[in-house]
Amino acid sequence: MSRIDKLIARFRGQPRDFTWDELVRLLEALNYSQATPGGTGGSRRRFVHQSAPTISLHKPHPGNVVKRYAMAAVLRVLKEEGLV
């Protein structure tokens, strides 16, 4: 099992300690790229894919752990598109 496969399996389990860095690594492995925010982007981040819907969410702060509702929304999109 590759590192990305392990990361996908971990994400599908919806752990409470899944970090922003892990989420970015996962989405990049699934061919998403982070869109560069404008001058007033704040903590809002967009991830775009060539054929799948864009994923928009807030980067967690002050911590680095992704909120459960955000992970559930991302998982729903990835499942609907057949990416995980």
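Gln-14 is buried, with a relative accessible area of 14%, where buried means under 20% relative accessible area, exposed means over 50% and partly exposed lies in between (1.4 Å probe, protein chains only). This is a predicted model, in which local features need pLDDT of at least 70 and side-chain atom pairs count only at pLDDT 80 or more, while totals for chains, interfaces and linings use all residues. Residues are numbered from 1 along each chain as its sequence is written, and side-chain values use heavy atoms, with hydrogens and water left out.

**Gln-14 and its surroundings**
- Gln-14 sits in the loop between helix 1 and helix 2; helices (H or I, at least four residues) and strands (E, at least two) are DSSP runs, numbered from the N terminus.
- Not counting residues up to four places away in sequence, Gln-14 touches Arg-68, Met-71, Ala-72 and Leu-75, a contact being heavy atoms within 4.5 Å.
- A polar atom of the Gln-14 side chain lies 3.3 Å from the backbone nitrogen of Ala-72.

**Backbone features**
- Most residues other than glycine have a negative phi, and most peptide bonds are trans.
- Gln-14, although not a glycine, has a positive phi of about 50°.
- Asn-31, which follows helix 2 and is in the loop between helix 2 and strand 1, has a positive phi near 70°.
- Asn-31 is exposed, because its relative accessible area is 60%.
- His-61 and Pro-62 are joined by a cis peptide bond with omega of about 5°, and Pro-62 is placed in the loop between strand 3 and helix 3.

- In helix 2 (residues 20-29), the buried residues include Trp-20, Glu-22, Leu-23, Val-24, Leu-26 and Leu-27.
- The cover over the buried residues of helix 2 includes helix 1 (3-12), strand 1 (33-34), strand 2 (44-48), strand 3 (55-58) and helix 3.
- The largest nonpolar core has 21 residues, of which Phe-11, Leu-23 and Leu-78 touch the most other members; a nonpolar core is a set of buried Ala, Val, Leu, Ile, Met, Phe, Trp, Tyr and Cys residues joined through side-chain atoms within 4.5 Å.
- Helix 1, helix 2, strand 3 and helix 3 are the elements that give two or more residues to this core.
- Leaving aside neighbours within four places in sequence, Leu-23 is in contact with Phe-11, Phe-18, Leu-57, Val-66 and Val-74.

**The largest pocket**
- The largest pocket has a volume of about 240 Å³; on a 1 Å grid over the protein atoms alone, a pocket is an open set of points where a 1.4 Å probe fits, with protein on both sides within 12 Å along at least five of seven lines, and lining residues have an atom within 4 Å of a point.
- Grid points are joined across faces, edges and corners, and the volume is the space filled by probe spheres set on the points.
- Of the 16 residues that line this pocket, Arg-44, Leu-57, His-58, Tyr-69 and Ala-70 are the closest to its centre.
- Helix 3 provides the largest share of the lining, 5 residues.

**The end of helix 3**
- Glu-80 belongs to helix 3 (residues 68-80) and counts as exposed because its relative accessibility is 60%.
- The C-alpha atoms of Glu-80 and Ala-52, which are 28 residues apart along the chain, are separated by 9.3 Å.

How values were computed:
Polar contact = N/O pair within 3.5 Å; in protein donor to acceptor, adjacent residues only side chain to side chain.
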